[in-house]
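Biologist: Let us go through this model together. I will ask, you answer.

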Amino acid sequence: MAKLLVTGGAGFIGANFVHHWRAAHPADTVIVLDALTYSGNAQNLEASDTELVVGDIGDQSLVEKLMRDHAIDTVVHFAAESHVDRSIHGPDAFIETNVIGTHSMLKAAKSVWLDEGDGQPHRFHHISTDEVYGSLELDDPAFSETTQYAPNSPYSASKAASDHLVRAYHHTYGLEVTTTNCSNNYGPYQFPEKLIPLFLLNCLSGKPLPIYGDGQQRRDWLHVEDHCRGIEAALLRGKPGEVYNIGGGAEKPNVEVIDTLCSVVDALFAKDAALAERFPGAPAAQGKPSNSLKITVTDRPGHDRRYAIDESKARAELDYAAKWSFEDGLDATIRWYLENEAWWRAIMDGTYRQWVERNYDGR
Ligand code: NAD
Ligand code: TYD
């Protein structure tokens, strides 16, 4: 029976991971440490039978206490500032959380597991991104685990720094670490600032769909459940000191993702008249195509052109393979947002933040 400390477990991928792990390993203990920043949502963990500790990964003594009190043997480290656009306008929080915060987590793990502990098996699993490898040309081979790091945004540079620290704590101190670098996730609970949930909610309210530049940037789309299975595989079958790339096998230009999303929305409205009553501002409610909302806006500074993942190592060594096709995953995700309107409405209208202040005063 493992005892997990999951940082950032109230965020998008962390919460999906907690639900996945609870279902697959019900006898294990799962403690979540999350600062409930703008993207953290305690309600994501409802019905997960998990203890949520509201606190900062930079609070080393809190992390050490949690590790000792619960005899933690596995840290799964998701907590991060995660949005590239925010890193362009305010990089400091990214350095604070992603670099200094990750270093604080490593110091806590070293202190409890190596300095005080008896060297029993333990695991520090670090969640990272394919963005650390930089940007590909159309004919470049996909990123492998040995691709040279070339981060281009403050976000990816901060994640690259954290990856190096994780690696260094293995090589220097013998901390048993694994890292997964994954591609763009989508699925339930994603904060509506990222491409797919933002554009979906804009389709429902009749707001413009702002396409950066020519929209020909390419990403490999990974359903969050597949990502969670990849992390699980790295925890169960990965070797300490190793890095694994996790992808969705669905590389697509942004315009194609947006057109597919719009056509799924149109088809759902055509099938279900109740949607037009619920979302009267949607073009689809007025018989117009959702893609009539597309507009071109100034490109993101330093915008990476293409990410693509070579996941042959994860396939061979972890027995990992994505199960979701992009089309089915997108359809299921859109249905999830339609069925969970209260979840995103509370974020959009500020009532969720008021709820956090009432319930986690003094966090
Ligand atoms: P998210 O923004 O939805 O969640 C981040 C979580 O971390 C939130 O719950 C937030 O409250 C918490 N957090 C932030 N700062 C904290 C701090 N100082 N102390 C404690 N908790 C803190 O992000 P996500 O999309 O779920 O990403 C999770 C991880 O996956 C990140 O490390 C990110 O870099 C990585 N990743 C994400 C994607 C993606 O497509 N979303 C792709 C590749 C890698
Ligand atoms: P995003 O979801 O922010 O993820 P990342 O930057 O980590 O890849 O963006 C995915 C792609 O969509 C990226 O190429 C930027 C583009 N994009 C837009 O064109 N418009 C938008 O409003 C957003 C949020 C993203």
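Biologist: How far is a polar side-chain atom of Glu 131 from an oxygen atom of ligand 2?

Modeller: First, the ground rules: this is a predicted model, where local features need pLDDT of at least 70, side-chain atom pairs count only at pLDDT 80 or more, and totals for chains, interfaces and linings use all residues. Residues are numbered from 1 along each chain as its sequence is written, chains are lettered from A and ligands numbered from 1 in the order in which they are written, and side-chain values use heavy atoms, with hydrogens and water left out. A polar contact is a pair of N or O atoms within 3.5 Å; within protein, one must be able to donate a hydrogen and the other to accept it, and residues adjacent in sequence count only if both atoms are side-chain atoms. For Glu 131 and ligand 2, the distance is 2.6 Å.

Biologist: How much of the accessible area of ligand 2 does the protein cover?

Modeller: Arg 219 also has a polar side-chain atom 2.8 Å from an oxygen atom of ligand 2. On its own, ligand 2 has 510 Å² of accessible area (Shrake-Rupley method, 1.4 Å probe; for residues, only the protein chains shown count as cover). The protein covers 96%.

Biologist: Which side chain has a polar atom 2.7 Å from an oxygen atom of ligand 1?

Modeller: The backbone of Ile 13 places a polar atom 2.8 Å from an oxygen atom of ligand 1. Thr 97 has a polar side-chain atom 3.4 Å from a nitrogen atom of the ligand. The side chain at 2.7 Å belongs to Tyr 155.

Biologist: Which element gives the most to the shell around ligand 1?

Modeller: Elements are DSSP runs numbered from the N terminus: helices (H or I, at least four residues) and strands (E, at least two). With three residues, the element is S5.

Biologist: What is the strand order of the open sheet?

Modeller: The sheet has seven strands with parallel pairing. Two strands pair if DSSP finds at least two bridges between them. S3 (51–54) and S10 (242–246) are the edge strands, each pairing on one side only. The order is S3-S2-S1-S4-S5-S6-S10.

Biologist: Which residue in S5 stands opposite Val 76?

Modeller: Strand S4 (residues 74–77) and strand S5 (residues 123–129) run parallel. Four bridges join them. Opposite Val 76 stands His 125.
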